[in-house]
Each structure stands twice: as C-alpha cells, then as structure tokens.
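Here are my notes for you to read alongside the model. Keep the 3D view open and look up each residue as you go.

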Amino acid sequence: MINLVLFGPPGAGKGTQSERLVAKYELVHLSTGDIFRKNMKNETALGQLAKSYMDKGNLVPDSVTIDMLKSELELYPEAKGFIFDGFPRTSPQAEALDIMLAEKSQGITCMLALEVAEAELEKRLLGRAATSGRADDGDIEIVRNRIAVYNRETAPVAEFYKVQGKFISIEGMGGIDEISNRLYASIDAHL
Ligand code: AMP
C-alpha cells in the first residue's frame with residue numbers, strides 16, 4: 001500500500017496535484033476540506049458546524065475532524081492506498097492518523113510538502129476564488145488568516161514526519177506538469 005500525505009499551505013496546489021497522483025498511483029483521495037464542503041452543501045449537522053470555522057479560515061476542532069476522517073477511511077476497505085490532502089493539519093491529527101493506520105497494519109509512506117512563497121499563495125487563492133466558488137478564497141483577510149493558521153498550527157506537523165524519516169520537500173513553484181514530475185520522481189524513489 002502507498003499512503004501519501006500531501007502537505008503545504010493553502011494555495012500550494014494540493015488539490016490539483018492530488019488529482020494527478022490519484023490517477024497515476026490508483027489511490028483513494030481523502031480531502032478533509034472537500035468532505036466538509038460536501039457536508040455544507042448537503043446541510044448536515046457536521047457541515048453546519050464546520051462552516052462556522054471554515055468561514056473565518058480557522059481549523060475545525062480535532063475531535064470532529066479525526067472522527068470524520070476515521071469513518072471515511074472505513075468506506076474503502078479495498079483501497080490500494082490513500083492520499084491525504086489537507087489532513088493532518090495538527091499534531092494530534094498526525095498522531096491519530098498513525099494509530100488509525102497501525103490498526104490496519106499500515107502506515108504513512110511519506111509526506112510530500114509543496115513549498116510555495118507566501119506572496120504567490122495569496123495571489124493564487126484570490127485568483128481562483130472566481131472559479132472555486134469558495135467564500136474563504138475571495139477575501140484577503142480570510143486568506144491571510146488561513147496562511148497564519150497554517151504557519152502556527154500546521155507547519156509544525158512536518159516535524160512529526162521528519163523524525164520518522166518520511167518528510168520530502170518539493171519545490172511548488174513553476175508549471176503544474178513540472179511540479180507533478182517532481183512529485184512522481186520523489187514518490188518512485190521512496191517506494
Ligand atoms: P482546504 O480545502 O484543505 O483548504 O480546507 C478548507 C477549510 O476546511 C480549512 O480552512 C479548515 O477550516 C477546514 N479543514 C480542512 N481540513 C481540516 C483539518 N484537517 N483540520 C481542521 N480543519 C480542516
């Protein structure tokens with residue numbers, strides 16, 4: 001099994017690159033942001049709760065996010081592997097993920113961290129707001145808060161994978177194909 005964590009700040013290209021990795025390595029894509037948005041659209045209780053955090057660019061509480069991810073994982077008993085996109089975003093989430101996978105005698109293969117300059121992130125997020133339809137992409141204050149939350153709460157998660165020797169830094173600036181090729185090369189070298 002290949003279990004990849006695709007890591008990086010908002011606007012780093014995790015969604016775009018996930019689609020390609022899913023196709024190439026036949027993985028199941030688990031994006032916590034996408035799952036929350038689906039719940040918001042369907043007006044579930046989880047969606048309403050998540051919305052109150054997402055609208056401000058803050059993180060949904062760990063207990064809620066971890067339980068949701070756990071039930072999603074159970075939906076794919078036959079999966080060849082997973083790509084975790086936007087999860088884990090805190091240290092407790094990273095610890096919980098290791099435990100969930102260990103229960104299945106599995107683990108994370110590697111964390112691929114897309115590195116993109118902050119000015120470029122803001123530009124990408126504001127630029128994609130028109131097509132993404134996401135309220136949290138179109139407002140500069142929310143965008144800046146999401147980046148600040150990333151730096152404060154999520155960036156330290158890299159350390160969790162560094163000490164396990166599973167952290168791989170990927171240059172996330174440049175063309176989409178170019179970045180995909182960097183990801184493929186790193187994954188193939190790690191298998
Ligand atoms: P994303 O689609 O990954 O940019 O996530 C959009 C929003 O969903 C984030 O700004 C958070 O409010 C929420 N979210 C997504 N994934 C997580 C997570 N792993 N932990 C907490 N909140 C999350």
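1. Let's start with a quick one: is R182 buried, partly exposed or exposed? R182 is partly exposed, because its relative accessible area is 24%, and the cut-offs put buried under 20% and exposed over 50%. Keep in mind throughout that this is a predicted model.

2. Now look at who R182 pairs up with. Its side chain meets that of E178 in a salt bridge, with 2.9 Å from N to O. Both residues belong to helix α10, which covers residues 176–190. They are four residues apart there, so about one helical turn separates them. E178 is partly exposed as well, since its relative accessible area is 43%.

3. If you're wondering what brings such pairs together, here is the general idea: side chains of opposite charge can pair when their charged atoms come close. How many salt bridges does a search of the whole structure find? The search finds 16. Some of them share partners, and in this way R128, R134, D136, D137 and R146 are joined into one network.

4. Next, go to helix α6, residues 118–132. Here E120 and R124 form a salt bridge, and their closest N and O atoms are 2.9 Å apart. The two sit four residues from each other in the helix, about one turn. R124 counts as partly exposed, because its relative accessibility is 23%.

5. R134 forms a salt bridge with D137, where the closest N and O atoms are 3.9 Å apart. Are these two residues buried or exposed? Both R134 and D137 are buried.

6. You'll find D137 in helix α7, which runs over residues 135–138. Its relative accessibility is 0%, which is why D137 counts as buried. Besides the salt bridge to R134, the side chain of D137 has a polar contact of 2.7 Å with the side chain of S132.

7. R134 also takes us to the ligand. An N or O atom in the R134 side chain is 3.1 Å from an oxygen atom of the ligand. For N58, a backbone N or O atom lies 2.6 Å from a ligand oxygen. For G86, a backbone N or O atom lies 2.9 Å from a ligand nitrogen. How much of the ligand's accessible area does the protein cover? On its own the ligand has 480 Å² of accessible area, and the protein covers 96% of that.

8. The ligand sits in the largest pocket. There are 15 residues around the ligand, and T32, R37, N58, G86 and Q93 come nearest. Which helix gives the largest share of this shell? That's helix α2, residues 32–41, with four residues.

9. Last stop: R37, one of the residues that come nearest to the ligand. R37 has its place in helix α2. It counts as partly exposed, because its relative accessibility is 24%.

Notes: Residues numbered from 1 in each chain as written. Predicted model: local features only at pLDDT ≥ 70, side-chain atom pairs only at ≥ 80, totals over all residues. Heavy atoms only, no water. Salt bridge = Lys/Arg side-chain N within 4 Å of Asp/Glu carboxyl O. Buried < 20%, exposed > 50% of the residue type's maximum accessible area, 1.4 Å probe, protein only. Near = heavy atom within 4 Å. Polar contact = N/O pair within 3.5 Å; in protein donor to acceptor, adjacent residues only side chain to side chain. Areas by Shrake-Rupley, 256 points an atom, 1.4 Å probe, with all protein chains shown as cover. 1 Å grid on protein atoms, 1.4 Å probe; cavity = no way out; pocket = protein on both sides within 12 Å on 5 of 7 lines; lining within 4 Å. Sits in = over half its atoms within 2 Å of the grid points.
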